[in-house]
Structures are given as C-alpha cells and as structure tokens.
Amino acid sequence: MEYDEAIRRAVDANVPRTMNILDKYPYVTELAKELRKAKEEVIRNLEYYVDKTIKSIEAIGAKAYFARDGDEARRIISGIVGKGNVIVLGKTMVGNEIGLREYLISIGNEVWETDLGEFLLQLTGDKPTHIVAPALHMTRERAARVIKEKLGVDVKADPSEIAQAARRFLRDKFFRANFGVTGANAVAADTGAVLLIENEGNIRFTTVSPPVHIVLTGIDKIVPTLHHAFMEVMVQSAYAGLYPPTYVNLVAGPSTTADVEQTRVSPSHGPREVHVVLLDNGRLKASKDDLLWETLLCVRCGRCHFHCPVYRALDGSWGESPYVGPMGVMWTAVVYGIEKAGPHAMLCMHAGTCREACPMKINIPEIIQGIKARYVRLVAKR
C-alpha cells in the first residue's frame with residue numbers, strides 16, 4: 001500500500017509538470033526528432049562510432065576501454081581502483097546493470113552512492129523502481145524512517161530535511177574519495193566529451209573532487225557530435241520533467257590549465273586521470289536485430305513509466321531491475337536476454353501510451369509483442 005501511494009504521488013507530480021514543460025518549450029520536441037535521426041545513424045554504424053569515440057577520448061588525454069560484457073567491465077574498473085579505497089558513485093544505471101557497487105565492496109573498497117535516491121536504496125537494500133528516480137516507490141515517511149534507523153538522525157517526513165541529512169553524511173565521503181564513478185547521458189564521438197545532467201550537484205562533486213574519475217556507460221550513449229550530445233541532455237531532462245536541469249556537466253579529459261603562457265598542462269584542480277569504459281553487453285548484437293535495435297534509441301527519461309497502467313498497477317516492480325517499466329522490458333531483452341525479459345513482456349496490456357509518451361517515438365508495444373513471441377517459441381522448445 002505504501003508503494004502504491006508513493007507511485008501515485010510521483011505520477012501526480014511528474015505528468016502535469018512534464019506536459020507544461022513541453023508546452024512552454026516546443027523546440028524540445030523538434031530537437032527530439034533531430035536527435036532520433038542522429039542516433040539512428042550511430043546504431044546503423046555502431047562499430048565505426050565506437051572506434052571513433054575511443055580515438056577521440058584518447059586524443060583529449062583520457063583513457064578509453066571497450067568492455068564486451070559486465071565481467072570485463074568489472075575487471076577493467078577493479079584494475080584501476082584496486083582495493084582499500086573510498087569510491088563515490090554519481091548514479092550509473094549501467095553500474096547497476098553489472099552490479100558494480102556490490103563488486104567493488106566485495107574486493108575491499110568503501111563505496112557510497114551519492115544520488116539521494118540511490119543512497120536511500122543502498123541503505124535499505126531495495127532495487128531501483130525507476131530509471132531516473134530509483135527510489136520512486138519510497139514515500140517520504142519511509143525515507144525519514146530509513147534516515148533515522150540507518151544514520152541515527154531524527155528528521156521529519158519532509159523531502160528537504162531528508163535531502164539535508166544525506167548531504168551532511170555524504171560530504172565527508174566526497175572529500176575522502178580516491179575515485180569517482182559516473183555514468184553518462186551522452187558521449188560525443190567527434191570530441192570524446194561526456195555529458196552528464198543532474199540537479200543535486202552530487203555528480204559534479206563526483207567528477208571533480210576525487211583525483212581519478214571513471215565513466216562507465218553503454219555504447220548506446222554515443223552520438224555523432226558534441227552538438228547532438230547537448231541535444232540529448234536537453235531532450236532527456238525535458239521529457240523527465242526536470243527542465244532546465246540544474247547542472248549540465250561536460251567532461252573532456254583530465255583537468256587542465258593554460259594560464260601560464262597559454263601552454264595547456266594537466267592536472268589542475270580537478271582529476272589527474274579520466275577513464276571511460278564503453279560497455280557492449282548485448283548492445284552491438286541488438287543494433288543488428290530487426291526487433292530490438294530501436295531500444296538503443298532510448299534516452300532513458302523514464303516518461304513511459306508514468307503513462308503505463310501495468311507499471312502503476314504493479315507499484316513500480318514491473319521489470320528486471322534496474323530496467324523496469326515499458327522501456328525496461330526492452331532493455332532486459334538486450335542485456336539479460338529473452339528468457340528473463342519474456343515473463344515481464346507477458347504482463348504488457350499494449351495500452352500504447354508508452355509509445356505516445358516516448359520522445360524518440362520508439363514503438364515499445366510492438367517490440368514487447370515481439371519479445372513475447374520469441375519467449376513463447378523459446379518455452380515451446382524446452
């Protein structure tokens with residue numbers, strides 16, 4: 001019942017706000033159309049763009065890696081961080097996809113989520129229930145209880161007080177951190193620049209406070225140019241109902257300065273090293289799949305969740321975490337396979353509201369229908 005109330009409150013807050021944003025800034029829908037064309041170009045030539053992105057990242061002084069799957073990505077990152085270190089995470093769904101936090105802790109590191117929603121989930125052990133707001137299922141009343149039980153801080157059931165309690169606890173972690181790990185909202189193939197959008201400021205801390213910054217992101221986040229990367233962050237934030245975002249962070253290599261005779265040297269105040277891990281984990285295969293390729297267009301705004309009757313009826317628990325909701329069924333098929341995605345696909349009512357809400361106009365109902373068909377064939381062969 002508490003989960004149901006939390007989801008209802010979130011829908012009531014987000015849906016009208018997003019509609020108002022799209023009405024007020026009509027250029028966003030035009031950007032979405034242009035962005036879809038650019039992302040289609042990348043998907044059709046994904047190997048080429050991965051190679052180009054890696055070269056661009058290395059050209060700006062960062063280190064680039066291509067990881068075929070989660071095991072390889074974890075090995076790469078553990079080779080960078082080692083053990084016995086303090087690591088802050090600036091919200092990465094791809095990190096959730098491969099169990100990165102749990103793995104880094106298991107090899108002897110102190111690891112903290114710094115996004116408020118992810119932090120609450122770390123304290124409770126809950127799984128994410130939304131791609132943008134991972135603790136969507138948690139009411140303010142429960143969040144206040146969690147802060148009191150886990151941190152020993154008595155706060156009111158007020159979002160502001162809850163946020164400030166987390167801020168005070170995590171500030172020390174930022175300053176002690178040896179490594180910061182983030183995801184990416186977009187990666188520009190032409191420049192190697194990584195763009196991140198946020199509202200809390202935790203991602204900005206994570207990218208500049210520790211001496212080493214690691215980016216872990218899927219190759220689906222590659223776009224042709226920096227121009228398109230800015231389009232993606234604008235479209236994602238607007239359709240997520242958080243526009244304009246409080247912060248847009250651009251990371252293009254380690255920190256530098258050119259204040260002495262315009263000679264650019266590194267590092268300066270920020271990180272001395274930047275590592276970018278580009279994860280495949282089924283994405284290359286999906287780019288060549290007549291059914292699943294459109295999944296890679298997703299900007300992960302999470303808008304489809306709020307318009308889906310199944311997601312709302314199941315209190316946000318529909319899907320294979322962290323990929324829940326309508327888009328989550330598609331992404332589960334891409335990264336975990338049809339066998340895991342199939343049972344979730346079978347619950348779809350094909351209302352079609354997800355397709356209408358999607359900024360990329362992905363035919364989500366048709367893809368889910370195709371996943372159902374493949375799953376039925378798979379089960380029939382057993």
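I looked up R300 and placed it in the loop between α12 and α13 (303-306). Helices here are DSSP runs of H or I with at least four residues, strands are E runs of at least two, and both are numbered from the N terminus. The model is predicted: local features need pLDDT of at least 70, side-chain atom pairs count only at pLDDT 80 or more, and totals for chains, interfaces and linings use all residues. Residues are numbered from 1 along each chain as its sequence is written, and side-chain values use heavy atoms, with hydrogens and water left out.

R300 is not a glycine, yet I read a positive phi of about 60°. I noted R300 as buried because its relative accessibility is 8%. Buried means under 20% relative accessible area, exposed means over 50%, and partly exposed is in between (1.4 Å probe, protein chains only).

I then checked N281, in the loop between β10 and α12 (283-287). Its phi is near 50°, a positive value in a residue other than glycine. N281 has a relative accessible area of 13%, so I listed it as buried.

**Cis peptide bonds**

I found a cis peptide bond from Y243 to P244, with omega near -5°. P244 sits in the loop between α11 and β9 (247-251). I also found the bond from S321 to P322 to be cis, with omega near 10°. I placed P322 in the loop between β11 (319-320) and β12 (323-324).

**The six-stranded sheet**

In what order do the strands of the open sheet run? I traced β1-β10-β7-β4-β2-β3, with parallel pairing. Two strands pair if DSSP finds at least two bridges between them. The edge strands are β1 (63-67) and β3 (110-113), each pairing on one side only. Neighbouring strands are turned by 20° against each other on average, direction ignored. Angles run from 0 to 180 degrees between N-to-C directions, and axes are lines fitted to C-alpha atoms, for helices over the stretch in contact.

I followed β7 (residues 212-218) along β10 (residues 273-279): seven bridges, in the parallel sense. G218 has L279 in β10 as its bridge partner.

Two helices lie across this sheet's strands. Helix α4 (residues 70-81) lies across β1, β2 (86-89), β4 (179-182), β7 and β10, and runs at about 150° to β1. Helix α9 (residues 159-176) lies across β2 and β3, at about 130° to β3.

Is β6 covered on one face or on both? I found both faces covered: V194, L196 and E198 are buried on one side, L195 and I197 on the other. Five of the five residues in β6 (residues 194-198) are buried. In a regular strand the side chains alternate between the two faces of the sheet.

β5 (residues 186-188) runs antiparallel to β6, joined by two bridges. The hairpin of β5 and β6 has five residues between the strands, and G192 takes a positive phi near 80°. β6 also pairs with β9 in the antiparallel sense, over five bridges. There I saw I197 opposite V248 in β9.

**Helices α2 and α11**

I looked at how α2 (residues 27-44) packs on α11 (residues 226-239): the angle is about 130° and the axes are 9 Å apart. That makes α2 oblique to α11. Angles under 35 degrees count as roughly parallel, over 145 as roughly antiparallel, 65 to 115 as roughly perpendicular and the rest as oblique. The crossing is left-handed, meaning that the near helix is turned anticlockwise from the far one by less than a right angle; clockwise would be right-handed.

From α2, the contact takes in Y27, V28, T29, L31, A32, E34, L35, A38 and K39. From α11, I listed H227, H228, M231, E232, M234, V235, A238 and Y239. These residues divide into eleven nonpolar, three polar and three charged. Nonpolar covers Ala, Val, Leu, Ile, Met, Phe, Trp, Tyr, Cys and Pro; charged covers Asp, Glu, Lys and Arg; polar covers the others, Gly among them. Contact means heavy atoms within 4.5 Å.

**A341**

I ended at A341, in helix α16 (residues 338-345). A341 counts as buried because its relative accessibility is 0%. What does A341 touch? I listed V329, T332, A333 and I371, not counting residues up to four places away in sequence.
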